[in-house]
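Hi there,

Here is the structure I promised to pass on. Have a look at it first, and my notes follow below.

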Amino acid sequence: MPRNHRSGKQKSPYLFICLAVVLLIAMAVFGARALNTWNVYKTEAAVTPVPSPTVRPVSVTPAPDLPTATPAPTPTPAVFSVGSSGDEVRKLQERLKALGYYTGNTDGIYGGGTKQAVIIFQKQHGLDADGAAGPKTLAVLYSDNAQQIVVTPAPTGLNTLAGDIPLLVNKWNVLPDDFVPGDLVTVKDLAGDLLLYDDEKFQGVRTAVEALIDLIRAAEADGVTPWKLGGAYRTIADQKKIFDRRVERYISEESLTRAQAISRTRLTVADPGASEHHTGLAFDLNVPGAYFVDTAQYVWLKKHCWDYGFIMRYTDEKEDITGIIGEEWHIRYVGLEHAKKIQELDLCLEEYVELLKKQ
């Protein structure tokens with residue numbers, strides 16, 4: 001075969017090499033672009049949130065609103081009474097004060113004044129008047145039904161010095177249970193330390209107390225001192241206690257029957273309602289540590305009490321008329337005019353009153 005004919009049919013090796021190079025370049029370019037695209041995707045995926053899956057809407061009926069719970073109150077004592085204290089007691093006092101029952105300090109201390117105010121409130125509202133502020137009392141107190149205090153006027157009392165005849169009180173002339181003399185004053189408020197006292201709360205009718213003070217001052221001016229007040233105004237209830245105690249003492253100490261003990265008691269203690277002390281005009285004077293009849297005070301009193309409107313109410317000489325044995329320490333105010341006449345006529349009060357009635 002001719003040489004130049006075989007060369008024309010064979011392809012040049014350079015052509016294959018060129019194609020291979022082009023192919024490699026193309027693959028490199030494509031791979032670089034693909035790698036760059038993948039890197040961009042990963043970067044965006046890292047910062048883009050994953051979308052929530054779509055959920056088909058469901059119709060739901062809303063639940064009804066539940067009532068708001070009321071906070072539980074701070075526990076407080078069920079009953080307030082003497083000795084209780086704190087803000088609740090202060091609130092109680094303020095409420096009582098607003099209604100007119102309490103006049104003391106709203107100090108949050110449940111004392112005697114608070115108790116008395118509660119008692120008055122309870123009585124006015126038909127509650128048990130025990131002085132303790134329990135649930136029932138508190139419920140009414142803080143309700144719209146709580147009433148302002150209704151003040152009951154205090155009894156004015158009887159003018160025991162009224163009229164032309166002195167008031168006569170004995171076992172035949174008994175006072176009613178509700179008897180109260182008018183114009184009572186506490187003796188010590190007027191006399192101060194002029195007297196010693198068995199009880200600093202002793203009371204008497206003002207006019208009689210003032211006369212007693214004049215009498216004691218005159219005695220001291222004469223050097224006759226000291227004087228002690230052993231008895232003054234006494235309620236009928238107090239007299240009953242004194243009478244009953246004396247009866248029981250005679251029964252226990254002297255083995256008397258009750259009837260005998262009552263008879264013995266009546267010689268020295270008046271029946272309730274029959275005592276001179278109910279009038280607020282009678283006083284018992286004595287001397288500390290001495291039997292009164294043996295003292296200078298008794299001698300002075302027997303001579304001068306008439307000059308200040310007093311009489312010696314019970315003497316041994318008049319026991320059969322008065323029904324009471326001699327009590328030299330017991331004086332009774334009747335006023336200066338009556339006292340002088342009783343002294344001059346040497347009468348007991350029963351005799352003198354009878355004389356005046358006849359006249």
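To start with the charges over rings: Lys91 places its charged end over the ring of Tyr142, 4.9 Å from the ring's centre. Arg249 lies over the face of Tyr250, with 5.7 Å to the ring centre. Please keep in mind that this is a predicted model.

Next, the aromatic rings. A pair of them is described by the distance of the centres and the angle of the planes. The structure holds 6 aromatic pairs. In one of them, the ring centres of Phe292 and Tyr298 are 6.0 Å apart and the planes stand at 70°, so this pair is edge-to-face. Both Phe292 and Tyr298 are buried. Trp300 and Tyr308, on the other hand, form a stacked pair, with 6.5 Å from centre to centre and 25° between the planes. Trp300 is buried, at a relative accessible area of 7%, while Tyr308 counts as partly exposed because its relative accessibility is 26%. Ring pairs also bring in Trp227, which is linked with Trp300 and Tyr308 into a cluster.

Which residues make the nonpolar surface patch of about 340 Å²? They are Leu23, Leu24 and Met27. Met27 belongs to helix α2, which covers residues 13-47. With a relative accessible area of 52%, Met27 is exposed, as the cut-off for that is over 50%.

Happy to go through any of this with you.

Best wishes

Technical notes. Residues are numbered from 1 along each chain as its sequence is written. This is a predicted model: local features need pLDDT of at least 70, side-chain atom pairs count only at pLDDT 80 or more; totals for chains, interfaces and linings use all residues. Side-chain values use heavy atoms; hydrogens and water are left out. Patches are made of residues with over 30% relative accessible area and no salt bridge: like charges are joined within 9 Å, nonpolar side chains (Val, Leu, Ile, Met, Phe, Trp, Tyr) within 5 Å. Accessible areas come from the Shrake-Rupley method with a 1.4 Å probe; for residues, only the protein chains shown count as cover. A salt bridge is a side-chain nitrogen of Lys or Arg within 4 Å of a carboxyl oxygen of Asp or Glu. Helices (H or I, at least four residues) and strands (E, at least two) are DSSP runs, numbered from the N terminus. Buried means under 20% relative accessible area, exposed over 50%, partly exposed in between (1.4 Å probe, protein chains only). Rings of Phe, Tyr and Trp (its six-membered ring) pair if their centres lie within 6.5 Å; planes under 30 degrees apart count as stacked, over 60 as edge-to-face and the rest as tilted. A charge sits over a ring if NZ of Lys or CZ of Arg is within 6 Å of the ring centre and within 35 degrees of the ring normal.
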